[in-house]
Amino acid sequence: MYHIKEAFYTLQGEGAQAGRASVFCRFTGCNLWSGREIDRANAQCTFCDTDFIGTDGINGGRFTTPNALAEHLNALWPQHNTRATPYVVFTGGEPLLQLDTPLITAMHDYGFEVAVETNGTLPPPPGIDWLCVSPKGANTLAITQGDELKLVYPQSKALPEKFAPLGFKHFFLQPMDRGNPQVNAETVHLTTAYCMANPQWRLSLQTHKIAGFD
Ligand SMILES: C[S@@+](CC[C@H](N)C(=O)[O-])C[C@H]1O[C@@H](n2cnc3c(N)ncnc32)[C@H](O)[C@@H]1O
Ligand SMILES: Nc1nc2[nH]cc(C(=O)O)c2c(=O)[nH]1
Ligand code: SF4
Ligand SMILES: [Mg+2]
């Protein structure tokens, strides 16, 4: 059984695939925060910008089989002629609590490339086409290689220097959104300065928030 908070068609807003048309599938639940505001301060991840509790979002629900969920997600991709490869991004919450090889295979059978946004604390099933790891605080990584490492910046217990030697193809710093425009402007400035001083790292802005497309 898969528990889905919401699913929607949009553009990937972040990282190396920013701007790419994508079906987003957001799983419920996370291993680093309950999702309740009362627990936020004491959670292992304290800055989450996402509601991942329950199955009540747009196109959310409970799906008993991989094929039922894959069919549901495929229906969100524009079906008319296109030269683009269909792309699904599994996120959450923490997708690696629920994503398994049968679901990846079912998406491949519909012609999709499969991307994952994960906090990196759980081992991934085989078959993922684009793996994005976003470390959180002092939590140990179970994944030390992949397509992109996208570190929310700054985090006092997750310094970029710690991740720079790992086996990823792309390294991004993404300014932490604290919900306050003035604070956010300072954070973007700080992040920009780090990338300029350390050119291994590129800036990832959350373009969906800037452009307002979801
Ligand atoms: C909501 S998380 C879900 C996937 C997974 N649990 C993870 O943390 O990577 C999706 C992406 O949003 C990023 N993110 C979450 N809260 C953020 C914030 N306040 N500012 C910037 N990025 C944030 C995460 O680091 C991750 O890259
Ligand atoms: N447009 C858009 N791009 C995203 N990239 C990662 C997201 C996420 O919440 O995992 C996200 C999201 O929520 N919306
Ligand atoms: S690990 Fe991801 S989903 Fe979980 S609380 Fe942190 S940002 Fe949110
Ligand atoms: Mg998001």
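**Ligand 1**

I began with the classes of residue in the shell around ligand 1. I find five nonpolar, seven polar and five charged residues there. The model is a predicted one, and I read every entry below with that in mind. In total, 17 residues surround ligand 1. I noted the closest: Asp-49, Thr-50, Asn-119, Ser-134 and Asp-177. Next I looked up which strands contribute. Strand S5 (113-118) supplies at least two residues of this shell, and so does strand S7 (145-153).

**Ligand 3**

I then listed the residues around ligand 3. Three cysteines are among them: Cys-30, Cys-45 and Cys-48. Leu-32, Trp-33 and Phe-52 also belong to the surroundings of ligand 3. By class, I get six nonpolar, four polar and two charged residues.

**Annotated binding site**

I checked the UniProt record, an unreviewed entry. Its "binding site" annotation covers Leu-11, Gln-12, Gly-13, Arg-26 and Thr-91. These positions are spread over 81 residues of sequence, yet they cluster in space, with a largest C-alpha distance of 14.5 Å.

I looked at two of these positions in detail, starting with Gly-13. Gly-13 sits in the loop between S1 and S2. Is Gly-13 buried or exposed? I call Gly-13 buried, because 22 other C-beta atoms lie within 10 Å and the cut-off is 20 or more. Beyond its neighbours within four places in sequence, Gly-13 is in contact with Ala-18, Gln-206, Thr-207 and His-208.

Thr-91 came next. Thr-91 lies in strand S4. Thr-91 is buried too, with 20 other C-beta atoms within 10 Å. Not counting residues up to four places away in sequence, Thr-91 touches Phe-24, Arg-26 and Glu-117. Arg-26 is itself one of the annotated positions.

**Helix H1**

Last, I turned to helix H1, residues 66-74. Which of its residues are buried? I find Leu-69, Ala-70 and Leu-73. They lie on the same side of H1, because they cover an arc of only 100° around the axis. I recalled the general rule: an α-helix has 3.6 residues a turn, so residues three or four places apart point the same way.

What do the buried residues of H1 pack against? I noted strand S1 (2-11), strand S2 (21-27), strand S3 (61-63) and strand S4 (87-91). Helix H2 (101-109) is also a packing partner.

Note on methods
Residues numbered from 1 in each chain as written. Chains lettered and ligands numbered in written order. Predicted model: local features only at pLDDT ≥ 70, side-chain atom pairs only at ≥ 80, totals over all residues. Near = placed C-beta within 6 Å. Helix = DSSP H or I, 4+ residues; strand = E, 2+ residues; numbered from the N terminus. Nonpolar A, V, L, I, M, F, W, Y, C, P; charged D, E, K, R; others polar. Buried ≥ 20, exposed ≤ 12 C-beta atoms within 10 Å, placed from the backbone. Arc of directions from axis to C-beta. Contact = placed C-beta atoms within 7 Å. UniProt positions renumbered as here; feature names shortened; annotations may be inferred.
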